[in-house]
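Let's take a walk through this structure together. Have the sequence and the 3D view ready, and follow along as we go.

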Amino acid sequence: MRLFWFLGAFVLSTLPLLAQQNDYVDGYIKGVDSEGVELPLLGANVYWLKTQTGTTADENGYFKLNRIDGKDYLIASFTGYDPDTIQVKGSGQLQIILSGGETLDDVEIVYRQKSTEIDYLDSRKVEVVSGKELLKAACCNLSESFETNPSVDVSFTDAVTGTRQIQMLGLAGPNIQITRENMPDIRGLSSVYGLTFIPGTWIESIHVIKGTGSVINGFESIAGQINVNLQKPEYMDRLLLNGYVNQGGRFEANANVRIDVSEDLKSAVLVHGSMNRIRHDRNEDGFMDMPLSKQGVLLNRWELRKDNGLHFEAGIKGTWIRKTGGQLDYDPDTDRGTTNFWGMDLGINRLEGWAKIGKVNTGKPWQSFGIQLSGAVHDQESYFGLTRYDASQNSLYGNVLYQSMISNTNHKILTGASIQYDDYQESLGEEQLDRQEIVPGAFFEYTYTHLDKFTAVAGLRIDHHNLFGTFVTPRLHIRYALSDQDVLRLSAGRGQRTANIISENSGYLSSSRQFIIEGEENNFPYGLKPEIAWNYGINFTHEFELGYRDGFFSFDFYRTNFENQIVIDLDRDPQQVVFYNLEEASYSNSFQGQVDYELVKRLDIRLAYRWFDVKTTYDGDLRLKPLLSRHRFFINLAYESRKYWKVDYTMNWQGKKRLPDTYNNPEPYQLSEYSPGFPVMNLQVSKTWLEKLNVYVGVENLLNYTQKDPILASEDPFGPYFDSSMAWGPIFGRNIYAGIRYSIK
Amino acid sequence: MKSLLKTIYLSIFVITLFLPAKAYPVNGDVKTADFKVEGVCGMCKDRIENGALIKGVKKAEWNKETEMITVIYNPDKVELMDIHKAIAELGHSTDKVKAEKTAYNKLPACCQYDDGAHKH
């Protein structure tokens, strides 16, 4: 509590003195509606460019603002209108007319900005990973898009399936709410594999937010939120063609096409195909280092934007994946379900569709109404050695939102209701695990804004889960700008989700570990309680300019406390993976410091360090979460010449990771207590001609660092000690790649 | 926990106190100039700023709304007119140098400011 007084006093002490004895500017701010009628904008904000000094307009749209030495540009803004910059000349009264109207889904054009930015005004610390940033690591899908982002950790789930999983705040990927344009996307059965369903060239930008998100998007985010914006017909290139090939034998082809049906109606077709048909075994353990794969993804989306404030979007996407891995000579047609060779094969078919309707009240542009609808059919069939795992999920989602304000735009409200329906059918070996979840809910969010200085967003939602009952999700985000360069943010909130223990941990199916679920006799999924956590965070960002070049640094600290968690216990017995409800403590502390700066002209550097303390009670002992490094260092250097030559270098050093207990195994199959720390370096060179043609060549894992013997008992895969899930490092080693991109604007 | 938060808060506070808000070196050799450059979008912004950042130019910032560029440069190393020329070479006319037709035609259709491309 004392801390809050302390903070409060600090906040007050730094409030600037707005009154100055200079002369002033005054004028009127008006908006134009769709019929061309002008109306005064009560509560519109006016402030001097790059300052905190401003005022709001009264009921006649009139404002009066003191001048500041050296400041000639005014910014006028009002919700629902495009902000405008006005140069103040002379001393006459100003007439500022704002036009345009935005809809609910806060369209952000992040195309071709600085590669990673943190929005100064957002109440949450949103790291925007732009399309430009994504080009630094040229491959290939969402799971590989975080190579240059220190906030997201990427590792392999096991040494057979080649599946990359992401982690944030030291918590596994499913704790992150992954949304596509603010609608639920990768969740449930697809929460691990789903990252590969989004090809890199389809991504327009990614928003990474640590801590709990907004209540508008649901109750599920615990560690953070990743919102993926796909290429939108309104902003994307007319045509983009991309081809990629790497040393490992992976081929990829992508095509994005924009179709302008009319001025209002636009469409886009996105096509992706990839395959890997070469069997590699560089570490000579008899297993393929990467699985063979074939993948096709197709998307078609439509966008209609009318002058009367109506905005409609719809899309459909189909995903088809086939993967085969395991021992080199494994052939699924003859060996599946036998002990001839150990093999993994996996097939996923998925179809999803979504629609969004938004309507802005053109007379009162701060009022808007929106509906979001989506549905998905997901079907997976797989074999891991002798174990068959089949799963399907049918989901429906609906969200209705209404946005308005109380007296002026400094007090905004957003309210609505949602429903989430999921029907799961899973069978693991002989066991059938089916369930249905139906969760209707309602939410309310209030946003208070004081100029550019202070924002508070308080949200509350109440949901009723058909199995777990009613629960309340409060969330709070506060932003305070200490100065034009310094922003302090606080966040707190609750998150809840149902763990899909088998699909989220399917990496352990590539082992002889037996799945043991210690549930209770109830109708809960797997007999286990929901995961419930509280997350608290503080972060600070300072922007600076040094030697005429921009930079920023930021620190953040997040704490997550689990009220309940499904513990994944690998330590009790090396032949088992045991799932049970948390009995005592489980928490994650995470700290990250980062500096971004243009070191010399045209050379950007990003340095980061992050630290985790993630502990869970395993059978009564509070222990470090396994296969997670406590320390990580990160360097990225990016150079771009005037003639569009680009060189990118990334170095990631991960500290040692705790390995699960294996002392009950015979000696040759025992692992050490910790893995070693290791660096991974990537390098890429690219050149663009005429802003159309881009060619890139790169190397992943330049130092060729690999985990030695990533598979335990690889010579006896049907014996009790076989385990490929102890993957802590790179498996394939150095990988050279090249690609080409052709675009028409 | 509490003491940790306090430590973090205090260290942030101390760091902010020591940081200059804007660290412009006081340097008599450096000049600032503003002039107009025609362009319509974020892509134009990238191109214009990239074009202006020739040897001797320390900073270039173009504003899409006002179409004004602010350049900070060292007059011993570069003449202001050279910056105008460098930008015009990439197809964007300035208030002193008009872009050649061949350079202008190389611009993507969405950036052709003289042929009806609107600000976007």
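Start in chain B with the helix α2(B), and look for its buried residues: they are B:Met43, B:Cys44, B:Arg47, B:Ile48, B:Glu49, B:Asn50, B:Gly51 and B:Ala52. That's eight of the eleven residues in this helix, which runs over residues 42-52, so the rest of the structure largely encloses it. Here, "buried" means a relative accessible area under 20%. And what do the buried residues of α2(B) pack against? Their partners are β2 (57-63), β3 (68-73) and α3 (80-89), which also belong to chain B.

Keep in mind that this is a predicted model, with scores of ipTM 0.72 and pTM 0.82. Chain B has an average pLDDT of 80, and 74% of its residues reach at least 70. Among the elements of this chain, α3(B) has the highest mean pLDDT, at 93, while helix α1 (residues 2-18) has the lowest, at 56. Then there's the stretch of residues 20-26 in chain B, where pLDDT stays under 50. The model gives this stretch eleven contacts beyond four places in sequence.

As for A:Leu241, it sits in strand β18 (residues 239-246) of chain A. Is A:Leu241 buried or partly exposed? With a relative accessible area of 38%, A:Leu241 counts as partly exposed.

Technical notes: Residues numbered from 1 in each chain as written. Chains lettered and ligands numbered in written order. Predicted model: local features only at pLDDT ≥ 70, side-chain atom pairs only at ≥ 80, totals over all residues. Heavy atoms only, no water. Helix = DSSP H or I, 4+ residues; strand = E, 2+ residues; numbered from the N terminus. Buried < 20%, exposed > 50% of the residue type's maximum accessible area, 1.4 Å probe, protein only. Contact = heavy atoms within 4.5 Å. pLDDT = per-residue confidence, 0-100.
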